[in-house]
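Subject: Structure handover: cavities and pockets

Hi there,

Here is the structure I promised to pass on to you.

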Amino acid sequence: MGKITGFLEYRRVKEAYEPIDERLKNHNEFVHELNVEQSQVQAARCMDCGVPFCNNGCPVNNLIPDWNDLVYGNNWRAAIDALHATNNFPEFTGRICPAPCEAACTLNLTSDEPVGIKSIERAIIDRAWQEGWVSPQPPPYKTGKRVAVVGSGPAGLAAAQQLARAGHDVTVFEKNDRIGGLLRYGIPDFKLDKGLIDRRTRQMEAEGVTFRTGVLVGTMPEGSTVPNLARETVSPEELTRTFDAVLLAGGAEQPRDLPVPGRDLQGVHFAMEFLPQQNRVNAGDTLPGQIRAEGKHVVVIGGGDTGSDCMGTSHRHGAAKVTQFELLPMPPEHENKPLTWPYWPQKLRTSSSHEEGGEREFAIATKEFIGEGGRVTALKTVRLEWQGGKMSEVPGSEEVMPADLVLLAMGFVSPVGSILDVFGVKKDQRGNAQATTDEVGGYVTNAPGVFAAGDMRRGQSLVVWAIREGRQAARAVDEFLMGTSELPR
């Protein structure tokens with residue numbers, strides 16, 4: 001609970017950022033974590049609120065009051081144990097999670113200064129790595145059971161680590177050339193240093209996990225918008241024959257398209273064409289024809305985090321101007337807390353990329369891409385009016401906006417390719433794997449011995465939700481193989 005009067009004595013202190021003009025010179029992380037003393041003061045603000053709503057607001061149910069109290073008491077070694085009890089990868093969530101736990105904090109009900117849970121989480125795990133407290137945990141015995149995990153994003157990694165620690169032989173299949181899934185190629189390096197993924201991969205290899213990169217399970221459909229960089233393919237039949245259980249934990253990578261006139265013009269790209277290329281270049285790859293934003297008028301269509309990431313990357317390229325479009329009207333700057341707390345509120349959120357420059361346009365739609373010589377040069381837009389949850393175009397509001405590069409960041413609709421079909425997995429109405437989260441038989445599909453978790457099951461979601469699903473699916477697989485499981489729910 002921290003200090004009993006801490007929330008009355010101390011103000012919230014946020015992590016500091018590198019100055020904008022400095023951080024735009026590279027693609028490195030720019031957030032300075034709290035030091036030991038700052039972390040202890042912030043942890044002291046945790047209240048003895050009786051019911052820890054933060055714990056329920058967190059998808060992995062982090063033991064937040066517990067490790068806050070341990071940090072306040074300078075017991076960092078026990079704090080990392082409490083943090084790892086529910087979260088395999090707090091260095092990921094401590095950087096890129098939007099922190100629904102902070103929205104649910106009791107302090108957030110009466111002020112705009114909830115406990116800085118996310119910054120404390122990052123401070124705990126970063127210190128744990130520095131002190132050598134994070135080490136491989138190989139199982140004391142082997143079960144002789146083999147599990148294939150398809151996809152190496154946060155869901156697949158969390159499941160693989162849990163299953164390996166339960167004594168199973170786990171092989172992770174990844175179609176890309178490096179481990180990490182959308183952690184690796186969907187999130188800019190300035191938000192998440194990819195060395196953190198490599199460090200966890202080495203730990204998991206020491207725990208017995210085998211990683212096979214450049215391997216596509218199933219096939220990619222003709223005309224897929226997601227590039228297939230795999231060097232080899234593995235059939236579902238081979239997996240189900242060779243392994244005792246298969247967990248499908250790939251991402252929902254099929255992007256939502258915008259089929260308006262001019263969509264085929266050069267210079268109109270999906271965000272997931274643009275962002276992964278920069279991550280590959282940062283990793284040392286040579287990419288002739290890389291999509292670049294320098295000197296261009298960039299329009300990002302989509303008001304979410306992926307759109308924000310496109311803005312930040314475009315700023316670092318040296319774009320002349322960056323504008324982000326959102327269909328919905330601008331949300332309020334402050335939520336109605338008595339109405340929304342402790343749930344995640346709809347309010348205006350300004351990311352670090354927004355602070356770096358550019359403009360945001362709300363209640364606007366793209367009617368047409370205009371081009372010259374086969375390349376996009378402008379957009380035809382129209383303003384929208386929203387009434388009763390329905391949108392209509394505002395008469396006479398059409399405009400033409402210059403655009404040399406258009407990035408479509410409107411979310412993702414389903415898993416890519418035919419992986420669910422080739423395994424014979426039933427799909428829900430959104431095209432995701434149909435698998436319940438019931439405690440008994442959870443995450444199992446209709447296909448014998450085949451499970452599904454993460455974005456492939458629930459649809460596009462947060463990294464922290466993927467970790468939760470991976471952990472829970474691992475328990476379900478363990479129960480399926482052994483009849484019972486000691487893995488946490």
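A pocket, as the word is used here, is an open set of grid points with protein on both sides within 12 Å along at least five of seven lines, whereas a cavity is a set of points where a 1.4 Å probe fits but cannot get out. Please keep in mind that this is a predicted model.

**The second largest pocket**

The second largest pocket holds about 550 Å³ of space. Its lining is made up of 26 residues, and those nearest the centre are Gln-162, Arg-165, Ala-166, Glu-486 and Leu-487. The largest share comes from α6, with 4 residues. By class, the lining of this pocket has 10 nonpolar, 10 polar and 6 charged residues.

**The cavities**

How many cavities of 30 Å³ or more does a search of the whole structure find? There are 4.

The largest cavity has a volume of about 100 Å³. It is lined by 15 residues, and Cys-46, Cys-49, Cys-54, Cys-105 and Thr-106 are the closest to its centre. Both α4 (53-57) and α5 (64-72) supply at least two residues of the lining of the largest cavity, and the largest share, 3 residues, is that of α5. Which classes of residue make up this lining? It has 13 nonpolar residues and 2 polar ones, with no charged residue.

The second largest cavity contains about 90 Å³ of space. Of its 13 lining residues, Cys-58, Asn-62, Cys-97, Cys-101 and Glu-121 lie closest to the centre. Here α8 (100-103) and α10 (117-131) are the elements that each supply at least two lining residues, and α10 has the largest share, with 3 residues. The lining of the second largest cavity divides into 9 nonpolar, 2 polar and 2 charged residues.

**If you want a place to start**

For the largest cavity, Cys-46 and Cys-105 are among the residues closest to the centre, and for the second largest cavity, Cys-97 and Glu-121 are among them.

Best wishes

How values were computed. Residues are numbered from 1 along each chain as its sequence is written. This is a predicted model: local features need pLDDT of at least 70, side-chain atom pairs count only at pLDDT 80 or more; totals for chains, interfaces and linings use all residues. Side-chain values use heavy atoms; hydrogens and water are left out. On a 1 Å grid over the protein atoms alone, a cavity is a set of points where a 1.4 Å probe fits but cannot get out, and a pocket is an open set with protein on both sides within 12 Å along at least five of seven lines; lining residues have an atom within 4 Å of a point. Grid points are joined across faces, edges and corners, and a volume is the space filled by probe spheres set on the points. Ala, Val, Leu, Ile, Met, Phe, Trp, Tyr, Cys and Pro count as nonpolar, Asp, Glu, Lys and Arg as charged, and the others, Gly among them, as polar.
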